[in-house]
Amino acid sequence: MKPNMDLADKNTKEDRKEKQQQHNEDEKRLIEKKKKLGGLKTMPFILANETCDRVAVTGFHANMITYLTQKLNMPLVQASNTLTNFSGTASLTPLIGALIADSFAGRFWTILVSSLIYELGLVSITISAVLPSLHPPPCPTQLNCKKASSFQLWVLYISLLLTSLGTGGIRPCVVTFAADQIDMGKSSLASRKWNFFNWYYFCMGMATLIALTVVVYIQDNVGWGWGLGIPTIAMALSIIAFILGSHLYKKLKPGGSPLVRLAQVTVAAVKKRKEKLPEDATLLYQNREMDAHISVHGRLLHTDQFKWFDKAAIVREAEAEGSTPPNLWRLATVHRVEELKAIIRMLPIWAASILIVTSSSHIGSFTILQARSMDRRLSSSFQIPPASLSIFSNLTMLTGLILYERFFVPFARRFTGNPSGITCLQRMGIGFVVNILATMVSSFVEMKRKAVAARHGLLDNPKAIIPISVFWLVPQYCIHGIAEVFMNVGHLEFLYDQSPESMRSTAAALYWIAIAIGNYIGTLLVTLVHKYTGEKRNWLPNRNLNRGRLEYYYWLVSGIQMVNLVYYLICAWLYTYKPLEEVCENVEEEDKGSCNAREPELPRKESG
């Protein structure tokens, strides 16, 4: 019996050894497979998706006011309010989409499902434009027109609601999902000669340019069937491009609700508010295994800022003796505490970007009114549409991004040693200054326009064409384009780079929320200026801009921006970059040595 038992034990040991070897090989294959995911090979699919998506979104919204007033015979005020309401909704839904992506759905599935919802909205409004039963009869004279019926309006509202909901999942996730495919660590950036956010924004700009020219022209001159059909087709192509690359994508697992984690840290700190912090920060609670799924690219290291929150990581005797996982409402890891600190540090910088949007909000209103009163002729038979002047801002931005990447970054790198040339906070600071310059130029141009009108006795004729070329407005558009190169791209990069890894979609949503709040503040500012600057010499009159004081409004906005710039510089000077214990992946063989040898990044202050 004994030899048989020894033989059985031997077989059992060999089976265990074989199973262990098989497990190790499977694990090795899985690691190798993960290393092959992501990288530059995914960029054609993601950027094709984003380009088609941007053509669809811009082509759909750019001329929607014309569709509502001329195709659906909607009164101007009702049409304007409809677009404002749904635009506001579309600017707030990204926060919901980001929370869904970061909490449980993941970015890939959030983008895919949201794109399908958006496509459904485009299909429904395109069908309503084609089928006569879904819109009122044509009214070329725009007098005594038959209004859209309740059913026709409901089709419109449902279509706009679907696009707003779809936007909520697309906007915050696409840029972060694309950045996830690339190693965004400092060691990788040092060996890379291009900036992802520059090229991402360049693709967006190219798509916007196509939409503002080709799609808008088709809507005005061919018809709304094709005018809305092309954005619908573009959105369908974006979904197909995104799905085709699905087997190549690196899909990070969602780390659970970020808001719950932030709440847990706050509650734990409140419960331990009377506890004394240890002098040695290494005694605070850390758990690599628990934080593994929310720190794939490295754990956040302890900082001395906002030390009150460190109390959430104090380990009591009862908690130290327990072998079960801790109650996260009573005890948080250092990484989770630092997640909360990172968000708190970002908010003042984020808040400064809101007034940049406010200062630029007049581009779509007052500048167009100025353009209508100026000489827009390029030839005897062709005039530049006032709304098309934004093309100059777009072209400047596209050219500026190329020049920034090819010339400015290598030049600045010689002096700073920074792989990106300058930090994202310095880049944003330059954007703030350039934007102030753009607003000041706007004021001088308005003074010139009114001086010409006065010289020709046209101040009291609001419909007169003043003999001054519309190209006087081009410099301010171009300067706004330069400001975008620095401010908008720098802002996107800052939100991605400095947000906790598991909250990047939520941080990207802040970018769109800043735009929404900035536009709302712009509306409030215009309302207050119009209300309190009197009736006789109102700065922003309802009818005759020639008798207004638009240049005063521009100087007011410039002053507000200067105060905002001082606030930003103070915030940037005091800002501490998040300290990260970086984990390298997807790095070329020759770079691995330097990557592994890299010391944990120490917190540092930014000089702005």
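What share of the contacts in the protein chain with a separation of 6 or more comes from residues 24 or more positions apart? In this predicted model, such residues account for 83% of those contacts, a contact being heavy atoms within 4.5 Å. The chain holds 21 helices and four strands, taken as DSSP runs numbered from the N terminus (H or I, at least four residues, for helices; E, at least two, for strands). Of its 608 residues, 50% are buried; buried means under 20% relative accessible area, exposed over 50%, and partly exposed in between, with a 1.4 Å probe and protein chains only.

Residues are numbered from 1 along each chain as its sequence is written. Local features need pLDDT of at least 70 and side-chain atom pairs count only at pLDDT 80 or more, while totals for chains, interfaces and linings use all residues, and side-chain values use heavy atoms, with hydrogens and water left out.

Helix α18 spans residues 474-498. From the first C-alpha to the last, its 25 residues reach 35 Å, close to the expected 36 Å (1.5 Å times one less than the number of residues). A bend of about 35° occurs at Glu 484, given by the angle between axes fitted to the seven residues ending there and the seven starting there. Because 21 of the 25 residues of α18 are buried, the helix is largely enclosed by the rest of the structure.

Glu 551 lies in α20 (residues 550-574) and is buried, at 8% relative accessible area. Beyond its neighbours within four places in sequence, Glu 551 contacts Ser 443, Glu 446, Met 447 and Lys 450. Ile 344, in α13 (residues 334-352), is partly exposed at 26%. With residues up to four places away not counted, Ile 344 touches Phe 306 and Phe 309. Ile 344 and Phe 306 are 38 residues apart in sequence, with 9.0 Å between their C-alpha atoms.

Six cavities of 30 Å³ or more were found in a search of the whole structure. A cavity is a set of points, on a 1 Å grid over the protein atoms alone, where a 1.4 Å probe fits but cannot get out; lining residues have an atom within 4 Å of a point. Helices α2 (43-61) and α6 (150-180) each supply at least two residues of its lining, which includes Glu 50, Arg 54, Tyr 118 and Arg 171.

Terms used. 1 Å grid on protein atoms, 1.4 Å probe; cavity = no way out; pocket = protein on both sides within 12 Å on 5 of 7 lines; lining within 4 Å. Points joined across faces, edges and corners; volume = space filled by probe spheres on them.
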